[in-house]
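Work through the exercises below with the coordinates open. Each task is followed by a stepwise solution.

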Amino acid sequence: MSTVTQLEATPVARKAGRAASFRRKSPAWHGLAEWGIRATALLAIAAIVLIFVFILKEALPILFDTHVRGEVSLMKMWLPQAWDGGPARFSWQPASEVPKYSLMPLVAGSLKVTLIALVISAPIAILAAVYTASIAPRRVREVLKPVVELLAGVPSVVLGVFALIVAGTWLQKLFGFEHRLNAVLAGCALSVTIVPLIFTIAEDAITAVPRDYVDASLALGATKMHTILRVVVPAAVPGIAAGIVLGFGRAIGETMIVVIASGNAALLDATLGHSTRTITATIAQEMGETVHGSPHYVVLFVLGATLLAFTFVTNLGAQRIVEHFRKKRGGT
Amino acid sequence: MIEDLSNGTTGPRGKLAVRGLDVFYRVEKPKKGQPGENQALKAVDLDVGVNEVLALIGPSGCGKSTFLRVLNRMNDTVPGARVAGSVTLDGEEILAPKYDVVGLRRRVGMVFQRPVAFPKSIFDNVAYGLRAHGLSEKRELEWRVQQALTRAALWDEVKDRLDANGLGLSGGQAQRLCIARALAVEPEVLLMDEPTSALDPIATAKLEELIAELREELTIVIVTHSMQQAGRVSQRTAFFYMGSLVEVGTTRDVFTRPREPRTEDYISGRFG
């Protein structure tokens with residue numbers, strides 16, 4: 001009844017000129033707030049752009065500066081070089097009499113440690129996510145999720161020191177590694193930091209699978225396990241893939257753990273039990289010892305730019321993958 | 001024949017027999033003085049005959065969907081749901097705790113309100129139930145998928161794009177895909193929960209035609225909000241109200257000379 005009265009009253013009110021009180025102009029601070037929000041957003045974008053600009057600016061002398069080019073070039077960094085008459089090889093020895101700046105041992109080291117970390121953490125995180133999202137009773141779920149996510153809050157230096165002092169000996173005894181600090185040890189410690197990341201994203205993706213799918217599958221006489229494996233997990237694949245790629249980006253960029261636990265010898269080989277040096281650990285350890293503007297300094301920025309390119313490309317690739325799956329599923 | 005079903009409670013030959021069925025749902029956060037459970041169905045006695053279409057009508061929340069979900073134990077998936085009473089399928093008690101629920105759902109299929117195509121190819125959608133039951137032989141699968149799609153009147157529309165994603169189908173096609181998927185495992189009973197509520201009138205008409213054809217081969221229980229639909233597709237109609245079965249009889253009787261005043265009020269549009 002009251003709605004009808006109001007509807008009828010509106011034209012009367014407008015005639016009486018009282019409509020103005022309903023169509024008040026938005027107050028001045030609205031405009032100010034909008035401007036502020038926009039400025040904040042632009043600031044975030046500007047920060048990213050400026051990081052790019054800064055790194056490139058410091059790395060560019062590798063192409064143009066004659067003093068730097070006398071010692072090193074992009075070609076020399078990527079291709080094998082024949083030092084002191086020996087056979088052509090990849091070598092990172094920036095402090096030797098003839099500085100050698102080959103990127104390969106570092107790129108390979110970064111990839112080695114990162115892939116080991118992913119191989120360990122992805123299955124654990126995904127299985128844990130499947131269990132938490134679709135199998136565990138609600139009470140267990142309510143405890144499990146925050147606890148795993150709490151793992152992300154452990155400072156990486158703590159993990160690194162644990163790996164250095166305790167886990168290194170265990171792993172060496174277990175697998176008989178040649179070097180006590182090695183790629184596997186660093187990868188194991190790294191995986192602890194990535195598990196919660198992949199877990200959280202995968203768990204969200206699995207939880208977001210419509211309940212209708214589960215009901216439809218169960219109603220066809222499929223078992224719970226069949227439903228999880230054939231309907232729920234496949235529907236969550238884009239989210240799970242995104243989690244793995246983000247984990248890759250986090251792992252390849254992680255510094256503290258690899259500085260402490262990887263052994264830091266710039267060896268280029270496929271042996272997992274050997275000491276390994278990564279891009280991030282190299283930048284962290286050598287930046288403090290270089291002269292501003294020196295060839296070594298510039299090379300470290302080239303390393304940074306390379307790392308940035310890696311994460312940039314993988315993120316782009318991840319978006320492509322997710323997009324591809326979305327299209328395949330026909331959803332929006 | 002319809003005329004032979006004058007005794008409304010029992011169908012021609014009992015497929016499903018429901019006796020004294022009570023269903024309770026747990027109330028999540030009961031207020032003071034409120035019981036911890038909500039009774040969704042109260043002492044329902046109802047039989048479903050072989051090869052008949054039984055329509056369940058009633059206002060929202062009357063318990064008709066709950067009743068439907070008891071018949072293939074989909075209520076098991078609702079946390080805190082409790083079922084008491086007896087439901088027999090061909091004389092076998094299906095509410096027994098150790099009863100093979102997976103096998104039951106194979107015999108009693110279900111089609112939901114919203115058509116749910118899995119994000120898989122049309123072929124894989126229809127083959128889903130078969131594969132879930134362990135059928136993997138390729139030619140057998142192909143044959144059965146074709147049969148199911150034909151029975152669901154979808155074969156001609158999709159035979160050239162069986163590899164296309166099921167999500168690309170229109171609403172009406174998707175619902176017939178769901179029916180094909182249910183038919184592929186050759187159920188004896190098909191439960192339909194407002195199967196046309198998300199469809200346009202033309203797709204609805206097609207589906208109703210299909211229901212009439214399917215009746216020759218299996219037993220159908222359909223929940224519907226549309227009185228006209230109940231009139232068009234069913235031989236018998238049951239009217240639920242507030243968790244109780246108010247009246248059941250041949251569709252003609254229920255619509256033309258209902259025994260209960262509440263049925264008459266609902267049918268004539270006085271509430272609901």
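A crossing is right-handed if the near helix is turned clockwise from the far one by less than a right angle, and left-handed if anticlockwise. Keep in mind that this is a predicted model.

**Exercise 1. Describe how H3(B) packs on H6(B).**

Solution. 
- Step 1, geometry. The two axes, of H3(B) and H6(B), come within 7 Å and cross at roughly 35°.
- Step 2, hand. H3(B) passes H6(B) in a right-handed crossing.
- Step 3, contacts. From H3(B) come B:Ile122, B:Asn125, B:Val126 and B:Leu130; they meet B:Leu177, B:Ala180, B:Arg181 and B:Ala184 of H6(B).

**Exercise 2. Classify the packing of H4(B) against H6(B) as parallel, antiparallel, perpendicular or oblique.**

Solution. 
- Step 1. H4 of chain B spans residues 138-151, and H6 of chain B spans residues 171-184. Their axes come within 8 Å and cross at roughly 130°.
- Step 2. Angles over 145 degrees count as roughly antiparallel, and 65 to 115 as roughly perpendicular. H4(B) and H6(B) are therefore oblique to each other.
- Step 3. The crossing of H4(B) and H6(B) is right-handed.
- Step 4. On the H4(B) side, B:Arg144, B:Ala148, B:Leu149 and B:Arg151 take part; on the H6(B) side, B:Leu177, B:Ala180, B:Leu183 and B:Ala184. Six residues of this contact are nonpolar, none is polar and two are charged.

**Exercise 3. Is H3(B) mostly covered or mostly open, and what does it pack against?**

Solution. 
- Step 1. Count the buried residues of H3(B), which covers residues 122-132 of chain B: eight of 11 are buried. The helix H3(B) is mostly covered.
- Step 2. Name them. The buried residues of H3(B) are B:Ile122, B:Phe123, B:Asn125, B:Val126, B:Ala127, B:Tyr128, B:Gly129 and B:Leu130.
- Step 3. Find the partners. In chain A, the buried residues of H3(B) pack against H10 and H11; in chain B, against H4, H5 and H6.
- Step 4. Check the end. Just after H3(B), B:Gly134 has a positive phi of about 95°.

**Exercise 4. Characterise the interface of chain A with chain B.**

Solution. 
- Step 1, residue counts. 21 residues of chain A are in contact with 27 residues of chain B.
- Step 2, area. The two chains, A and B, bury about 1900 Å² between them, with 61% of it on carbon and sulfur atoms.
- Step 3, main contributors. A:Tyr213, A:Ala219 and A:Leu220 give 32% of the area that chain A buries against chain B, more than any other three residues.
- Seven of the nine residues of H10(A) are buried, so H10(A) is largely enclosed by the rest of the structure. Among the buried residues are A:Tyr213 and A:Ala219. The buried residues of H10(A) pack against H11 of chain A and, in chain B, against H1, H2, S6, H3 and H6.

**Exercise 5. Which orientation do H11(A) and H3(B) adopt?**

Solution. 
- Step 1. H11(A) and H3(B) pack at an angle of about 150°, with axes 11 Å apart.
- Step 2. H11(A) and H3(B) are therefore roughly antiparallel to each other. Their crossing is right-handed.
- Step 3. A:His226, A:Thr227, A:Arg230 and A:Val231 in H11(A) meet B:Tyr128, B:Arg131 and B:Ala132 in H3(B). The classes are three nonpolar, two polar and two charged.

**Exercise 6. Are B:Val101, B:Asp90 and B:Met242 buried, partly exposed or exposed?**

Solution. 
- Step 1. B:Val101 lies in H2 of chain B. Buried means under 20% relative accessible area. B:Val101 has 15% relative accessibility, so B:Val101 counts as buried. B:Val101 touches B:Arg73 and B:Asp76, leaving aside residues up to four places away in sequence.
- Step 2. B:Asp90 is in the loop between S4 and S5 of chain B. Its relative accessibility is 42%, so B:Asp90 counts as partly exposed. Phi of B:Asp90 is near 50°, positive in a residue other than glycine.
- Step 3. B:Met242 sits in the loop between S9 and S10 of chain B. With a relative accessible area of 55%, B:Met242 is exposed. Phi of B:Met242 is near 50°, again positive in a residue other than glycine.

Definitions and conventions: Residues numbered from 1 in each chain as written. Chains lettered and ligands numbered in written order. Predicted model: local features only at pLDDT ≥ 70, side-chain atom pairs only at ≥ 80, totals over all residues. Heavy atoms only, no water. Axes fitted to C-alpha atoms, helices over the stretch in contact; angles between N-to-C directions. Helix = DSSP H or I, 4+ residues; strand = E, 2+ residues; numbered from the N terminus. Parallel < 35°, antiparallel > 145°, perpendicular 65-115°, else oblique. Contact = heavy atoms within 4.5 Å. Nonpolar A, V, L, I, M, F, W, Y, C, P; charged D, E, K, R; others polar. Buried < 20%, exposed > 50% of the residue type's maximum accessible area, 1.4 Å probe, protein only. Buried area = accessible area lost by both parts, 1.4 Å probe.
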